Amino acid sequence: MNEGTPFATPQAASAAASGTPTAVPTDLPKVWQKRFALIERAGGLKLTKLKDLSFFERTACTFNLLAGLFGPFYYIAKGMWKKGLAYWGLGIAGILLLETLVTVAGFGHLLSRVHYTGAWVALFAMMANRDYYKKVMLGDNGWL
């Protein structure tokens with residue numbers, strides 16, 4: 001954990017020391033307070049109780065459309081630039097690997113109309129809420 005992170009809140013420092021989250025900070029926007037409360041109800045980062053939530057609560061807990069649309073720029077705006085750049089790099093590497101394997105296998109002509117936008121959106125949209133929760137509540141702002 002990165003206790004010395006300039007983006008960590010005071011609550012995050014105590015959470016990092018104990019390994020458990022504290023109460024949701026009240027200085028966050030209401031939408032983030034609600035998302036963090038849903039993540040807590042779902043069992044924390046591992047989301048062990050996710051099935052106990054309704055469909056819309058599960059979606060709010062695990063999907064962030066803005067993060068999907070803006071990708072690494074959303075992560076940079078939220079102060080999680082390391083993870084944003086890492087996901088960007090992993091996405092590009094995955095696309096290049098897939099294209100190489102398909103071309104070597106002789107099916108390169110099938111990729112002429114393939115767009116990878118859906119995978120790109122899913123990568124960022126599915127990870128953003130949990131990553132921001134780790135940053136704010138646990139003081140873990142990324143790798144390195």
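Colleague: Where is Asn141 found?

Modeller: Asn141 sits in the segment after helix 7. Helices here are DSSP runs (H or I, at least four residues), numbered from the N terminus. This is a predicted model; local features need pLDDT of at least 70, side-chain atom pairs count only at pLDDT 80 or more, and totals for chains, interfaces and linings use all residues. Residues are numbered from 1 along each chain, and side-chain values use heavy atoms, without hydrogens or water.

Colleague: Is Asn141 buried or exposed?

Modeller: Buried means under 20% relative accessible area. Asn141 has 9%, so Asn141 is buried. Its side chain reaches the backbone oxygen of Gly79 at 3.2 Å.

Colleague: How are two packed helices described?

Modeller: By the angle between their axes and the distance between the axes. Axes are lines fitted to C-alpha atoms over the stretch in contact, with angles from 0 to 180 degrees between N-to-C directions. The axes of helix 6 (residues 81–104) and helix 7 (residues 117–137) come within 11 Å and cross at roughly 155 degrees. Helix 6 is therefore roughly antiparallel to helix 7 (angles over 145 degrees).

Colleague: Which residues in helix 6 meet helix 7?

Modeller: Contact means heavy atoms within 4.5 Å. Lys83, Tyr87 and Trp88 are among those in helix 6; partners in helix 7 include Trp120, Phe124 and Asp131.

Colleague: Which residues is Asp131 in contact with, leaving aside neighbours within four places in sequence?

Modeller: Tyr75, Met80, Lys83 and Tyr87. Asp131 is buried, at 2% relative accessibility. The C-alpha atoms of Asp131 and Tyr75 are separated by 9.2 Å, though 56 residues apart along the chain.

Methods: Helices (H or I, at least four residues) and strands (E, at least two) are DSSP runs, numbered from the N terminus. Angles under 35 degrees count as roughly parallel, over 145 as roughly antiparallel, 65 to 115 as roughly perpendicular and the rest as oblique. Buried means under 20% relative accessible area, exposed over 50%, partly exposed in between (1.4 Å probe, protein chains only). A polar contact is a pair of N or O atoms within 3.5 Å; within protein, one must be able to donate a hydrogen and the other to accept it, and residues adjacent in sequence count only if both atoms are side-chain atoms.
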